Amino acid sequence: MLVARSVSPTRTNDRDRCARPYCQCWNKKAPVSWTQLRSCTCGEDNDVSEWNWEQPNGIGSSWVMVSEDKKQVTFHPFYSSGTAAVRGDAPLLHNYHYYWEIKILTETYGTDIMVGLGTSKVNTTDFEFTSLLGQDGESYGLSYRGTVKHNATEMLESAGFCRGSIVGVRVDMWRGTLEFYLNRRAQGISFYNLRRHQALYPMLCSTAAQSSMLLIYAASWRASLLVDAAKILAASLRNDRQTALPPGLWYTCRSQFWLTLPTDGQVSNDDEEQPTAVELQTVKVASNVNVSSGMKRRHWQMKALNARAVRSDNI
């Protein structure tokens, strides 16, 4: 099910000019060599990767080059002859929450470059130049132009992405929803009813020659009350940066940071600041200080009670 959103033509033209990178490292327009594509590590603070990209087999396999660590994908290393796609090596199963992030390493151009997911029925090679993800009912995709697509139906959702952008994908296989993030800002739930698929796979596709993307984070968590509680606590963390969390809970929110991102259709305001790593570190320090202070208070309270008990015994 596609969630339709009406956008005026004027708004469309404005959004097309708003795609931007995650950090300032990509503002330089000078050519970048292949060895320097992964020189920027902004946003790669958590080394979590529960799955990797799978090298396609058969016709068109030479159109995709997967790095040794199975995280970076380069499409059409020499020249483009159509549309190539790659999928993850592990399925997305029911009753789990999934979140992964893709960093765009090269310029976006051509017919389409897409991030999304699909079933095992999706053909990873197409000799036509097309927007592969979303052309039927077996896949879902977000285009670099800002449109989301499923079952051959497109709808403008966002500004799209460009070189240096971080594209996040959040799949709730408990409720069956799909939500995209751009530079860790929620774009709202785009699709429902994903549970009708027995299994889905993360996917990328591109028609652009020498286009490259990097998987920088991939995590999952089984649906439970713990996840729902974490969402509520995460909302309070976003509203109050000075909230003191217990160390164990802080570590969970830090390692599974995607739980603290806005969701449930709450689209992030582009002007709204997001918590940075430094601010999260401040929360951690505040938590430790509060815990330490509380222990000291309890220590002196116990000493005072013991002293009173001794005096009463002597009387």
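Two strands are taken to pair if DSSP finds at least two bridges between them, and strands (E, at least two residues) and helices (H or I, at least four residues) are DSSP runs numbered from the N terminus. On this basis Leu-178 stands opposite Phe-191 of strand S13. The structure examined is a predicted model, in which local features need a pLDDT of at least 70 and side-chain atom pairs count only at pLDDT 80 or more, whereas totals for chains, interfaces and linings use all residues. Residues are numbered from 1 along each chain as its sequence is written, and side-chain values use heavy atoms, with hydrogens and water left out.

The pLDDT, the predictor's confidence in each residue on a scale from 0 to 100, has a mean of 79 over the protein chain, and 70% of the residues reach 70 or more. Over residues 270–302 the pLDDT is below 50, yet this stretch has 30 contacts (heavy atoms within 4.5 Å) in the model beyond near neighbours in sequence. For residues 308–315, where pLDDT likewise stays under 50, the model has 0 contacts beyond four places in sequence.

The secondary structure of the protein chain comprises 4 helices and 15 strands. Of its 315 residues, 48% are buried, that is, under 20% relative accessible area with a 1.4 Å probe, protein chains only. Among contacts in the protein chain with a separation of 6 or more, 70% are between residues 24 or more positions apart.

An open sheet is formed by 7 strands in the order S2-S3-S15-S5-S11-S12-S13, with antiparallel pairing. Strand S2 (64–66) and strand S13 (185–191) stand at the edges with a single partner strand each, so one side of each has no neighbour in the sheet. Neighbouring strands of this sheet are turned against each other by 25° on average, direction ignored, the axes being lines fitted to C-alpha atoms and angles running from 0 to 180 degrees between N-to-C directions.

Within this sheet, strand S15 (residues 211–222) is mostly covered, with 11 of its 12 residues buried. Strand S3 (residues 72–75) is joined to S15 by 4 bridges in an antiparallel arrangement, and Gln-72 has Leu-214 of S15 as its bridge partner. The antiparallel pairing of S15 with strand S5 (residues 96–104) extends over 9 bridges; here Ala-219 in S15 is the bridge partner of Tyr-99. Strand S12 (residues 177–182) runs antiparallel to S13, to which 4 bridges join it.

Definitions and conventions:
Buried means under 20% relative accessible area, exposed over 50%, partly exposed in between (1.4 Å probe, protein chains only).
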